[in-house]
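Open the model in your viewer and keep the selection tool ready. This tour goes stop by stop.

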4 protein chains.
Amino acid sequence: MTLARRDELEDLEPGGTGWRARWFETIYRHDTPRSRNFDLALIAAIFASVFVVFADSTPSVHARFAGLFSVLEWGFTLLFTAEYVLRLIVVKRPLKYATSLWGVIDLLSILPTYFSLIFPGSQSLLVVRVLRLLRLFRILKLTRYVQESGLLGEALWRSRRKILVFLSVVLTLVVIFGAAMYVIEGPNNGFTSIPTAMYWAVVTVATVGFGDITPITPLGRVVTSLLILIGYGIIAVPTGIYTAELAAVFREDRHAATQEGTICGRCQLDVHPSEANYCHRCGERLPSGG
Amino acid sequence: MTLARRDELEDLEPGGTGWRARWFETIYRHDTPRSRNFDLALIAAIFASVFVVFADSTPSVHARFAGLFSVLEWGFTLLFTAEYVLRLIVVKRPLKYATSLWGVIDLLSILPTYFSLIFPGSQSLLVVRVLRLLRLFRILKLTRYVQESGLLGEALWRSRRKILVFLSVVLTLVVIFGAAMYVIEGPNNGFTSIPTAMYWAVVTVATVGFGDITPITPLGRVVTSLLILIGYGIIAVPTGIYTAELAAVFREDRHAATQEGTICGRCQLDVHPSEANYCHRCGERLPSGG
Amino acid sequence: MTLARRDELEDLEPGGTGWRARWFETIYRHDTPRSRNFDLALIAAIFASVFVVFADSTPSVHARFAGLFSVLEWGFTLLFTAEYVLRLIVVKRPLKYATSLWGVIDLLSILPTYFSLIFPGSQSLLVVRVLRLLRLFRILKLTRYVQESGLLGEALWRSRRKILVFLSVVLTLVVIFGAAMYVIEGPNNGFTSIPTAMYWAVVTVATVGFGDITPITPLGRVVTSLLILIGYGIIAVPTGIYTAELAAVFREDRHAATQEGTICGRCQLDVHPSEANYCHRCGERLPSGG
Amino acid sequence: MTLARRDELEDLEPGGTGWRARWFETIYRHDTPRSRNFDLALIAAIFASVFVVFADSTPSVHARFAGLFSVLEWGFTLLFTAEYVLRLIVVKRPLKYATSLWGVIDLLSILPTYFSLIFPGSQSLLVVRVLRLLRLFRILKLTRYVQESGLLGEALWRSRRKILVFLSVVLTLVVIFGAAMYVIEGPNNGFTSIPTAMYWAVVTVATVGFGDITPITPLGRVVTSLLILIGYGIIAVPTGIYTAELAAVFREDRHAATQEGTICGRCQLDVHPSEANYCHRCGERLPSGG
């Protein structure tokens, strides 16, 4: 529900009656068969257009199908432009949609093709279209996954402050070890500047370890080992935070689920410990719990 | 038990009486000494044949023992062919076995050798034979490990929806960051196409970090650091999900193993230690626990 | 609170009355609007000076703005020198401040610029100034984050002995596998000495895997696989330790916040939901919870 | 206590009275001041000798101090030989010590120096001496760390079967993906044999990612991404297993600790649930728990 609260499109209202109201239902809501078909067609079109962008970015494929891809890209762009215009027409306050996150993404996903008429090469910005795939999450929320992702999001929301504290500890380590390694190894061994050394420290402390920059001097290797062992130790912290919060969320969730039907006859409280005989708020004997 | 439910071979029936029923027991069941010996011999043969495939794939070893390996491969192929034919004969509905997962694996593990007569070189497909090692799990299920893997599988089954939600978040990150890095770094720095950049993003967000493709530009390194820190943060999520579910499964397992029907006759307390004879709240002798 | 206990600056006292007491409040305390403004200005100055050090370390930027950076570095150095002198003047026992961790960091962050007059090039030691950013944590402690980091620190403090045991196991693995790989792979394959092989073992067991040193021989690869699988298995241990302690700390935190002294007068039950007015076992009104 | 149970040296008995019994106490036990001093001296000597082996393996250091190191190595070897002989003399059954794990390590740590008289170069085997550092754990067990490592070991022991199931799943993945990548990428891209491909799969699934072997073909990269995502998902499993067991061990430990003094007057049972009024084994009312 934390995520749902931020969904700006929920608040939009139809821009009239008749066909505008019907189309509004179709393209902004997800609960009628008609709107469900629209969603499926839209998702399919987004997937196909993203696939074309992906394929077109691959040199060997581009060399053979450049013409076909150009036609397809214009086709999808015109289709999405029509959809964008329709969205503006059927909604009550078009500006509210246009300035919402979704409206901006929808606009950005059609502009690059038009820009490419003036500035050749700007087509590579079409990759922004992949952001439209995020729409999948909006639609998923209407299925059985909504509760699951609600729990995961709730636990994430509760642990946000602790994870921020943790991230600031990690960033402090990155700054200190990055600066230290810049002094120890120096520009000759790949640590060309403090920001570069900090990039290396992030890559190392998170156990990614690309190996594009590695310590050469004995002291640098000792300091690196220290950083790695610290990183290995603190990799536990976000896991610990999240697991503890998630366990609490699970417990509360089950708790709420097991008490269904056990409502205090006097004060209507509907959350009771599983072993309760009496309502702990007003002292009334519980109907079925006894 | 989740895993057991999917075991298609459990449902098969013997194709007759006499020797066919006896051989059916031997090769499809695992509870008589005779079938146990058959299992051990089969596992040993599979291990040996897989070992030959492994060794034959090593250039230096192949150079010296090519002839021996060829003989051994034909030997194992004929042996497994005989086993496959026997399986078809002794079962009531041979087609049901042949179309089951196990039947397909059994067939695939003998075909490449025959194919190599027509198309030289197809012997390398013999590696499919390693899949027969999965049979070990079927046999392990009959030992003390069945309960343990049952618990692990149960927890995995319960968290499947949450892990799918998590994986879709990871895939969204991979698509967005992959596309962004393709635009930022470009083909000259190894990010030759969006799919390649997505492969890089998977390798990076999961903290593998091969280092075959690495960012060079300052902006690319900043974006990489961001991706790594996000990956470092969300590495906790599957662990948290699984741990919370596993803890619940453990608790229920202990509970179920000890509590069934053990309710104190006097005070109705229904949570007792597994070894309890008397209710620890009121001192009443427990009905079934004693 | 574990962290707060170690804060040496809390114990300092003003070095007099009048302006000295006022300035002491301003620069050593964080609870008046005046001191809060001072903190913000100081943090801004530290951030700016660290940014200059970072930018100056980047060759391409240094080439263009060397003169400007030199002026800025002297400006910040004089500013921090003035602050350091002021800190010494307004405090009762200047030596106690000067020998505290914070005093030493403050001094080290201004010395390199003066040293560079005598020894050119020692300016790169200015990176020590990043340590002043740690001050952020002292100020953060006065906000809502203090409780969160207190819980995280408490759990870390409790698990310190277990984590030390774990680290000594890891170090033993590193020594044994490092020595083994030195013998197996030898200096020709990059394992030039036992300390180098131990550095490689740290990089490997913590799943960083730079790839600057990798096994070539078959035996070396088998031993490496073994080390990796062990590392993969024990990566769980610090997480397990920390999660278990953190969950305990969370539970106690919630418990302490709600349960103190709330015992049912009739049945003596002493575990009640935080919002309880009545005992949920016997229905008696709770003494202090109401 | 799981670990303690395996300590073979605990069962040894002194080989006589007088000086032999006194020396036995000194070198085999850890509870008198005299034996404690012996332990410290021995640990110091082991550390020093290991340090010499480390330093001697470093080419640049070896070049300068080869003579000194040779003398030191002979000194330590003679010292440890004297200790070994003394251990054999003062114990009742010398063969039992000599064939124990510790006895074998003690012997192996002195032999290479003598061997180097016959086979020059075998001195590099001296690295086996690092195993003597494991003795530190025996001595640590006598301090406050014994309880902590006991809990960690107990949780590890309990989860051994589940971790074995998990490891066999990982190994199956390694075999299947290794064989698949050998077929997909082939010897030209570094996957020179199935065992090599399996080494690569271990390095990848455990998120180490050296980068010495990486996929080049698009299909290989898709399969690699799949392997990485699976590895990312199952990295949770050992953590989940261990955390759940560790939490249970912690709970029982605290439980046991809170019951001190609560012993049933009739059946002497000394482990009761915290809320128990009556012994749950024999029904006797508990003395202090009520």
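Which residues does Asp106(D) touch, not counting residues up to four places away in sequence? Select Asp106(D) and look around it: the contacts (heavy atoms within 4.5 Å) are Tyr84(D), Arg87(D), Tyr97(D), Arg132(D) and Arg135(D).

Two notes before moving on. This is a predicted model, in which local features need pLDDT of at least 70 and side-chain atom pairs count only at pLDDT 80 or more, while totals for chains, interfaces and linings use all residues. Residues are numbered from 1 along each chain as its sequence is written, chains are lettered from A and ligands numbered from 1 in the order in which they are written, and side-chain values use heavy atoms, with hydrogens and water left out.

**Stop 1: Asp106(D)**

Stay on Asp106(D). Its place is in helix H6 of chain D, residues 101–108. Helices here are DSSP runs of H or I, at least four residues, and strands are runs of E, at least two, numbered from the N terminus. Asp106(D) is buried, with a relative accessible area of 3%. Buried means under 20% relative accessible area, exposed over 50%, and partly exposed in between (1.4 Å probe, protein chains only). Now show Tyr97(D): its side chain makes a polar contact of 2.5 Å with that of Asp106(D). A polar contact is a pair of N or O atoms within 3.5 Å; within protein, one must be able to donate a hydrogen and the other to accept it, and residues adjacent in sequence count only if both atoms are side-chain atoms.

**Stop 2: Thr207 in chains C and D**

Select Thr207(C). It sits in the loop between helix H11 (194–205) and helix H12 (218–234) of chain C. Most residues other than glycine have a negative phi. Thr207(C) is buried at 2% relative accessible area. Jump to Thr207(D), in the loop between H11 (194–205) and H12 (218–234) of chain D. Here too phi is positive, about 60 degrees. Thr207(D) is buried at 3%.

**Stop 3: salt bridges**

A salt bridge is a side-chain nitrogen of Lys or Arg within 4 Å of a carboxyl oxygen of Asp or Glu. Select Glu13(B) and Lys92(B), which pair at 3.4 Å, N to O. Glu13(B) is in the loop between H1 (2–5) and H2 (19–28), and Lys92(B) in the loop between H4 (59–90) and H5 (94–98), so the bridge ties together parts 79 residues apart in sequence. Glu13(B) is partly exposed at 44%; Lys92(B) is exposed at 53%.

Next, pick Glu154(B) and Arg158(B), a salt bridge of 3.8 Å, N to O. They are 4 residues apart in helix H9 (residues 145–158) of chain B, separated by about one helical turn.

**Stop 4: where chain B meets chain A**

Show both chains. Each gives 44 residues to the contact. Together they bury about 3800 Å², 75% of it on carbon and sulfur atoms. Buried area is the accessible area (1.4 Å probe) that two parts lose on being put together, summed over both. How many salt bridges cross this interface? The rule finds 0. Polar contacts come to 2 residue pairs, both residues at pLDDT 80 or more. On chain B, color H10 (160–185), H11 (194–205), H12 (218–234) and H13 (236–259): each supplies at least two residues of the side that touches chain A. H10(B) gives the largest share, 12 residues.
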